[in-house]
Amino acid sequence: MTTVDTVRSKHDNGLGFFAWSHNQNQVWKGSLDCISFEQGAIKDKLLALNKPCYIVKVAGKIGVTNDGYLSPLDQNTTATVELLLSVPPLRIQQLGDPNFLTFHGVKYAYVTGAMAGGIASEEMVIALGKEQILSSFGAGGLSPDRLESAINQIQQALPNGPYAFNLIHSPNEPAIERRAVDLYLKYQVRTVEASAFLDLTANIVYYRAAGLSLNASNQIEIKNKVIAKISRREVATKFLQPAPARILKELVEQGLISELQATLAAKVPMADDITVEADSGGHTDNRPLVCLLPSIIALRDEIQAQYHYEKPIRIGVAGGIGTPHSALAAFMMGAAYIMTGSINQSCVESGACEYTKKLLAQAEMADMMMAPAADMFEMGVKLQVLKRGTMFPMRAQKLYELYRAYDSIEDIPLAEREKLEKQVFRKTIAEVWEGTAAYLSQKNPEKLGKAVNNPKLKMAVIFRWYLGLSSRWSSTGEKGREVDYQIWCGPAMGGFNDWVRGSYLSEQNNRHVVDVAYQIMTGAAFLYRIQSLKIQGLQMSDYYSQYHPVHTANFSGLI
């Protein structure tokens, strides 16, 4: 067996690029003029993903070409060019599950996830949709009027899709979920991204079942598609199985769905796609992707064996996807698609303000921490936010500690209350309560009534005033409140910034969601090619095996 040292002496071209032959039964034929031997030219050949790549040896030198063809070796002919390795063309569309592309009418197994408060904006969804890339609008926390306006704008720009809208679980305010579902059904929004669910609710079941029917071939037609974002096996199980009979029965009794739809709903899963959410921004369990994804794929396979669905549920990933390397890792682990989040918040089309985008563009992987979530504050639920350049996570944590320690605002020591008024609220507690009560009287009078008679709940809604507004300040760019901005962000943001450092994408004003998607997917395909060559025996310096963002004008042929 040939040793590596022998291989180097035979096939090293002096550029840290050498290989041994696995193609003794084939020869490469073509013009020698198309073979590149210089470092930069070799890199260009490797980047030409839409063409095959041949690693050859000519007169003791290793070169690379995309041209020519392979032919069976004729034992009577001595080849002047030795074929060492070869890889076929690779289209970006080959990454992920092709059924995902067909089902959603998209060209890449790449989705941008919803970021609440319209951070995943109309502009973002439309820009990606026009390039046939699926994007989910950040509907969480928006008023019905604002959501209705977004639906109209996106549907007008993308009459044939693709697009999705977020349906975020609101355990303390189920009416919010219901209003969103009513709008989605009214305007025939055909894809929702269901997130932060702890269990199935009547609202998500209603949306799913209301879109079921039989086609002319007597097959079940699923009009209302669900992409469920989960991070726990017990929640994944709910979406991998059909809707609970109890909820379906209630919906039929209420006249919301028909008997036929209830019958059909018992035969299809609650979701078409499951997004396994690892260490992400916002609501997250901080799960490691390498542990979570295989577990959920195995769970899907178990449930598929039980129910024998005609179309098996696809499993994608989110959380930590911010570079071609993480994207390729996800695909190699079996992900049907990838979903990006935090990195899109720093893009031009994001609904975040310019100051927030600037902070995000400077973030490093260790610049994130967990903080109490406004929507599930009393439950102790946390979300991941940016800590660099903001005091929000520390101040939010202090509010939760006070909530746990005391039964009412009045029980909090005077010195602590004064500190809250001066440093956090910048208003008296009485003024905060007055504003909160006015808001609840319009939006949720039932909760206001409970808070008036429950000192602990009253304290919670006062604290949620700060938690709720802080994310809005980050989106609107509230002057003077920069130190209180709540910026949802995961470590993918730091990874992305490391990857693009020194390139045109290091400048936030150059970050466009479509371009970022192309760069990540193209980079993942390039890295796959490099790994394929390495597995065959090619050894190369880091110069060849790294993909750095190249302006689209320079690699448009790849995409």
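# Cores, salt bridges and buried helices

Tutor: This is a predicted model. Its largest nonpolar core has 174 residues. Those with the most contacts inside the core are Y184, I204, F239, F425 and F463. Helix 21 gives the most to this core, with 13 residues.

Student: Why is this called a nonpolar core?

Tutor: A core is made of buried residues such as Phe, Tyr and Ile, joined through side-chain atoms within 4.5 Å. In general, nonpolar side chains in soluble globular proteins tend to be buried together.

Student: What does F463 touch, beyond residues up to four places away in sequence?

Tutor: F463 touches F377, L399, L402, Y403, I409, I412, L420 and F425.

Student: Which residues does the second, separate core include?

Tutor: The second core has eight residues, including C34, Y54, V58 and V81.

Student: Why is C34 called buried?

Tutor: The cut-off for buried is under 20% relative accessible area. C34 has 17%, so C34 counts as buried.

Student: Where does C34 lie, and what is it in contact with?

Tutor: C34 lies in the loop between strand 2 (26-29) and helix 2 (39-47). Leaving aside neighbours within four places in sequence, its contacts are W28, K45, V64, T65 and D67. The C-alpha atoms of C34 and N66 are separated by 7.8 Å, and these two are 32 residues apart along the chain.

Student: What makes E122 and R146 a salt bridge?

Tutor: The limit between a side-chain nitrogen of Lys or Arg and a carboxyl oxygen of Asp or Glu is 4 Å. For E122 and R146 the closest N and O atoms are 2.6 Å apart. The pair therefore meets the rule. E122 is in helix 4 (residues 122-129) and R146 in helix 5 (residues 144-157), 24 residues apart.

Student: What makes E378 and R464 a salt bridge?

Tutor: The closest N and O atoms of E378 and R464 are 3.6 Å apart. The limit is 4 Å, so the pair qualifies. E378 sits in the loop between strand 18 and strand 19, and R464 in helix 19 (residues 455-476), so the pair ties together parts 86 residues apart in sequence. E378 is partly exposed, at 24%. R464 is buried, at 14%.

Student: How many salt bridges are there by this rule, and which residues are joined into one network?

Tutor: The count comes to 21 salt bridges. Salt bridges that share partners join R395, R426, R481 and D484 into one network.

Student: What makes helix 7 largely enclosed by the rest of the structure?

Tutor: Seven of the eight residues of helix 7 (residues 202-209) are buried, so the helix is largely enclosed. The buried ones are N203, I204, V205, Y206, Y207, R208 and A209.

Student: Which residues of helix 12 are buried, and what covers them?

Tutor: In helix 12 (residues 324-332), P324, S326, A327, L328, A330 and F331 are buried. Their cover includes helix 11 (289-307), strand 16 (314-318), strand 17 (338-340), helix 20 (492-500) and helix 21 (513-536). Just after helix 12, G334 takes a positive phi of about 110°.

Student: Why is T102 called exposed?

Tutor: Exposed requires over 50% relative accessible area. T102 has 66%, so T102 counts as exposed. T102 is found in helix 3 (residues 98-104).

Student: What lines the second largest pocket?

Tutor: The pocket has a volume of about 410 Å³. Of its 19 lining residues, the closest to the centre are I220, I222, V268, E310 and K311. The lining divides into nine nonpolar, three polar and seven charged residues. Strand 12 (residues 220-222) gives the largest share, three residues.

How values were computed. Residues are numbered from 1 along each chain as its sequence is written. This is a predicted model: local features need pLDDT of at least 70, side-chain atom pairs count only at pLDDT 80 or more; totals for chains, interfaces and linings use all residues. Side-chain values use heavy atoms; hydrogens and water are left out. Buried means under 20% relative accessible area, exposed over 50%, partly exposed in between (1.4 Å probe, protein chains only). Helices (H or I, at least four residues) and strands (E, at least two) are DSSP runs, numbered from the N terminus. Contact means heavy atoms within 4.5 Å. On a 1 Å grid over the protein atoms alone, a cavity is a set of points where a 1.4 Å probe fits but cannot get out, and a pocket is an open set with protein on both sides within 12 Å along at least five of seven lines; lining residues have an atom within 4 Å of a point. Grid points are joined across faces, edges and corners, and a volume is the space filled by probe spheres set on the points. Ala, Val, Leu, Ile, Met, Phe, Trp, Tyr, Cys and Pro count as nonpolar, Asp, Glu, Lys and Arg as charged, and the others, Gly among them, as polar.
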